[in-house]
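Morning, everyone. Please look at the model on the screen, and then we will walk through a few places in it.

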Amino acid sequence: MSNRIIRNETPADYRAVEELTREAFWNVYKEGADEHYYLTLLRKDPAFVPELDLLLEENGVLIAHVAYTESTLTDEDGNAKTILSFGPLSVHPDYQRKGYGKQLLEASFEIAAEMGYEAVVIFGNPENYVPRGFLSSRKSRVHMPDGVYPTALLVKELKPGALSGKSWTYTENIKVHWEPEDVDGFDRTFPEKKKEWRPTQEMFYIYSHSQVVFD
C-alpha cells in the first residue's frame, strides 16, 4: 500500500531537495540548471515562507518539492496586498506527469488560504498551470511595474473575487542575486551531468520574452 505524505522541509532534507531540484530542471530551461542553487539562497531570503516550504514523499522516497515567497500587489490607489509566489516547483523526472505535482500544489493552496493569503502570482508555462486554476495576468488585470502583461505571468485567486474590480501592479519581494561563477562552484559539489540543448529551452525563451497585448 502506498504511503504518501506531504510535510514541511527540514534542514536534514536540504541536500536531497537540492538534488531533486537539480534533476527536475536539468537542461529544461537552459543548458544545465541553476534552480538548485537559487533554492539555497531563497531559504535565507526574508520573503521566504517556511510554512509553505513543502515536500511530497511516497514510501520514503522524495518525489516533489515546492517553495513559496511573499510578493506584493498594489492597486491604482496605492493600496498594497501581500500575496504569494512559488518556485521552484520540482518533481523528479521519473514521477512527472503522474499527478504528484498537482497534489502538492493543491495541498499548498489549502494551507496558504488557511493562512489568510488571497492570491498566488507566478511566472510559469501556461500549459502547466492553467489546468491548476491560473489565469492570464491580462484577464486578472495584474501587470508588471512597466505596465506589461507577460505571457508567463499567471494569477490564481485563493479567495474568490479578491482581485476583481481593480488593476494591480505585481512586485516580487525576494532580493536573491548571484553570479554565474557562484552557480558553477556549487554545481561542482554534485555528480557531473552533461549540459545539452533541448526544445523546452526555446519554449521558455518564447514565453519569457512575450506579452499579452490584446483582450
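Is glutamate 18 buried or exposed? Glutamate 18 counts as buried, because its relative accessibility is 6%. Buried here means under 20% relative accessible area, exposed over 50% and partly exposed in between, with a 1.4 Å probe and protein chains only.

A word on ground rules. This is a predicted model, so local features need pLDDT of at least 70 and side-chain atom pairs pLDDT 80 or more, while totals for chains, interfaces and linings use all residues. Residues are numbered from 1 along each chain as its sequence is written, and side-chain values use heavy atoms, with hydrogens and water left out.

Back to glutamate 18. Helix H1 is where this residue lies. Helices (H or I, at least four residues) and strands (E, at least two) are DSSP runs, numbered from the N terminus. Leaving out residues up to four places away in sequence, glutamate 18 touches His36, Thr40, Arg43, Phe186 and Phe190. Contact means heavy atoms within 4.5 Å.

Next, the helix pair. H1 (residues 14-25) packs with H2 (residues 35-42) at about 140°, axes 8 Å apart. That angle makes H1 oblique to H2. The axes are lines fitted to C-alpha atoms, for helices over the stretch in contact, and angles run from 0 to 180 degrees between N-to-C directions. Under 35 degrees is roughly parallel, over 145 roughly antiparallel, 65 to 115 roughly perpendicular, and the rest oblique. On the H1 side, the contact uses Val17, Glu18, Thr21, Arg22 and Phe25. H2 brings Glu35, His36, Leu39 and Thr40.

Now the aromatics. There are 13 aromatic pairs in the structure. Take tyrosine 37 and phenylalanine 186: their ring centres are 5.4 Å apart and their planes sit at 50°, so this pair is tilted. Rings of Phe, Tyr and Trp (its six-membered ring) pair if their centres lie within 6.5 Å; planes under 30 degrees apart are stacked, over 60 edge-to-face, and the rest tilted. Tyrosine 37 is in H2 and phenylalanine 186 in H6 (residues 180-187), so the pair ties together parts 149 residues apart in sequence. Both residues are buried. One aromatic cluster is formed by Tyr37, Tyr38, Trp178, Phe186 and Phe190.

Last stop, phenylalanine 86. Its contacts, setting aside neighbours within four places in sequence, include Tyr68, Leu105, Phe109 and Val120. Thanks, that's my tour.
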